[in-house]
There are 2 protein chains.
Amino acid sequence: MDDAGKDGVMAPAGGRAGRGRITVRDVAREAKVSVATVSRALSDDPTIARETRERVLEKAKEMGYAPNLFARGLITRKSGIVALLANNITNPFYPEVTVKLTRRLQEMNLHTMLISWEDSVEHSLPALRQIAPDMVVVLAATMTPDFLKHFQESETPIILFNRYVTGARASVVCCDNEAGGALVAARLAAAGHRRPAYIQGLATASTNVDRMRGFLGGCEAAGLPTPDAASGGDFTYEAGYDGMKALFARAPSTDAVFCGNDIVAIGAMDAARCELGLRIPEDVSIVGFDDIAMAAWPSHDLTTVRQPMNAMIDRTIAEITRLQKREPGRPEQHFLPGRLMIRGSARLPETLRP
Amino acid sequence: MDDAGKDGVMAPAGGRAGRGRITVRDVAREAKVSVATVSRALSDDPTIARETRERVLEKAKEMGYAPNLFARGLITRKSGIVALLANNITNPFYPEVTVKLTRRLQEMNLHTMLISWEDSVEHSLPALRQIAPDMVVVLAATMTPDFLKHFQESETPIILFNRYVTGARASVVCCDNEAGGALVAARLAAAGHRRPAYIQGLATASTNVDRMRGFLGGCEAAGLPTPDAASGGDFTYEAGYDGMKALFARAPSTDAVFCGNDIVAIGAMDAARCELGLRIPEDVSIVGFDDIAMAAWPSHDLTTVRQPMNAMIDRTIAEITRLQKREPGRPEQHFLPGRLMIRGSARLPETLRP
DNA sequence: CTGAAAGCGCTTACAG
DNA sequence: CTGAAAGCGCTTACAG
């Protein structure tokens with residue numbers, strides 16, 4: 001006799017005997033149907049009678065029913081979870097992507113499992129195996145073959161965001177970094193710069209490699225000498241700061257510096273001003289990549305290539321939607337164009353000067 | 001007859017007939033025990049024979065077994081998931097906490113579900129109800145009574161990190177913001193400042209309120225006039241930039257400005273230099289709160305109160321560990337002391353000047 | 001110390 | 001169109 005309100009009596013949401021949440025059984029009892037019917041109503045099964053579905057749905061809502069992700073996942077073999085592998089916290093670009101992507105996934109009723117690690121990305125494998133996410137999005141991590149192999153085996157689709165590796169069976173959503181680098185070279189050449197240089201971020205990252213390649217190619221196309229581009233450090237302020245000092249020790253006549261990303265560029269600017277006594281852009285032009293919020297702040301007013309973050313997120317969501325429909329279909333690779341944001345850290349071409 | 005290798009034959013990890021992962025049944029078959037015994041071995045059940053456990057564990061490892069979180073969660077009613085509610089991406093303090101906390105949780109074999117939202121925090125309730133996390137950590141969100149009520153009802157422990165609300169049944173881990181504000185006041189007074197001001201962050205946030213209260217109290221204790229502290233905007237660069245301009249329009253003789261946090265302070269510094277033509281610290285001292293990485297960069301060299309981030313994370317982990325042992329125990333509230341980081345944006349006391 | 005059995009809350013063929 | 005039944009992969013009293 002612990003089953004109060006067995007008739008049409010409106011049972012309050014929390015009125016059940018046992019502790020714990022409302023289940024399909026509770027809803028079935030109240031709506032006077034079987035649990036199977038409740039399940040069908042909830043999943044928009046086309047075979048259910050319109051009227052029945054409405055009644056069940058209403059009851060469910062009234063009782064504050066929420067499906068149990070674990071029970072559902074166990075039977076459907078879909079977790080409703082997207083694993084987001086993220087590590088880089090020195091570049092504000094990534095937190096912003098993380099939060100925006102998470103919000104979009106929530107709208108699709110998908111949950112974001114955040115995974116981070118130290119040292120090697122493979123340290124995140126145990127967590128990934130336990131969760132068995134429907135999909136993995138990797139933000140700016142350096143992949144290893146062993147790591148990628150795991151996903152081939154488990155048939156978990158993987159989306160590489162902002163970096164890519166060749167030969168992997170993975171979707172890719174990237175800015176077209178090479179075109180972006182070329183854009184910068186053309187612009188600097190047009191403004192009359194003659195001694196370009198590139199300060200690297202993480203040497204092995206595809207972003208760094210592509211930006212540098214595009215920049216070197218663009219400089220060559222414009223008839224400029226090959227830029228000084230000493231081996232890289234990392235995508236950090238310190239790398240930019242130290243890189244700038246080292247650069248001017250080697251090549252003091254440098255008049256234009258393109259940097260691996262905005263954080264590196266800001267480090268380079270600070271070194272130019274605080275250590276080298278250089279004026280920007282009179283003595284040296286500096287250009288970054290990303291267009292993080294700081295780039296627009298007056299203290300740096302950084303000319304940079306804006307990554308099409310929103311378009312990249314849109315593409316990622318589209319790819320996730322596509323992958324959800326278990327059709328095989330080869331993973332797609334997308335490279336979206338960036339846009340040069342003209343600010344005060346680089347000299348303007350003659351024709352554009354006031 | 002789909003059951004290959006039924007004898008002692010070493011079955012390769014992926015050698016089962018069906019697609020999909022290895023389960024307790026597979027391990028049980030290979031180890032020649034029941035699934036119950038496998039389960040006991042995996043969960044360090046004390047009633048299992050030492051030798052049996054070792055054999056099972058070895059087999060499990062050999063076969064690459066990983067427990068299914070969903071099946072386990074369904075039966076134990078513990079999800080192994082900590083929900084992390086985070087929204088603020090303008091302040092790098094939070095991404096850093098997010099990543100560090102996630103790593104620590106992973107070490108404890110807990111998973112981090114990242115939840116973000118727009119507008120009201122209550123928009124995250126549907127996701128929370130589906131996941132049913134073991135615990136919720138809230139990073140810097142403005143709570144509402146309705147939202148907190150949900151957790152009381154579902155008996156999900158909640159930890160407020162870096163902000164708190166009074167009267168809620170929630171654990172709290174915070175910097176002692178009031179003491180921090182007082183520290184700043186004392187320091188500025190000792191350095192001979194006479195016209196202090198405070199630029200607010202988000203007016204309703206406990207961090208803002210406490211820092212301001214501590215600062216005003218400290219000024220009074222030091223015999224300084226009550227600081228100008230116009231109504232706040234938000235914890236943003238723009239709030240600092242605009243707040244500084246407005247402040248000097250109202251009170252041009254201000255000689256020391258304490259800001260709601262570092263981002264606000266950096267905005268204030270940029271406004272001082274770029275808009276007001278003021279030298280820092282000769283014309284005006286500026287102090288922040290948080291000690292984000294940028295604060296130490298030469299371009300701003302910001303004197304600030306460092307939040308004890310690692311200690312706060314340690315406390316949070318300790319609280320999570322405590323809460324995992326379903327003992328009731330009232331939620332604990334911890335306020336950890338910050339530390340003044342002396343840099344170049346604030347004048348030094350006479351006795352300390354070179 | 002170990003195994004057989006029940007059950008967590010769902011979904012999905014299979015009958016009717 | 002709806003219901004009864006099986007089953008997803010685990011854990012945990014309950015016997016032995």
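A residue counts as buried when its relative accessible area is under 20%, as exposed when that value is over 50%, and as partly exposed in between (1.4 Å probe, protein chains only). At 23% relative accessibility, R322(B) is therefore partly exposed. The structure is a predicted model in which local features need pLDDT of at least 70 and side-chain atom pairs count only at pLDDT 80 or more, while totals for chains, interfaces and linings use all residues. Residues are numbered from 1 along each chain as its sequence is written, chains are lettered from A and ligands numbered from 1 in the order in which they are written, and side-chain values use heavy atoms, with hydrogens and water left out.

R322(B) has a salt-bridge partner in E319(B), their closest N and O atoms lying 2.9 Å apart; a salt bridge is a side-chain nitrogen of Lys or Arg within 4 Å of a carboxyl oxygen of Asp or Glu. Both residues belong to helix α12 (residues 309-324) of chain B, three residues apart, about one turn of the helix. Helices (H or I, at least four residues) and strands (E, at least two) are DSSP runs, numbered from the N terminus. E319(B) is buried, at 1% relative accessibility.

Over all chains, 38 salt bridges are counted. Among them, R343(A) pairs with D291(A) at 3.0 Å, N to O. This pair links distant parts of the chain, 52 residues apart: R343(A) sits in the segment after β11 (339-341) of chain A, and D291(A) in the loop between β8 (285-290) and β9 (303-306) of chain A. Both R343(A) and D291(A) are buried.

In chain A, a network of salt bridges joins R315(A), E319(A), R322(A) and E332(A).
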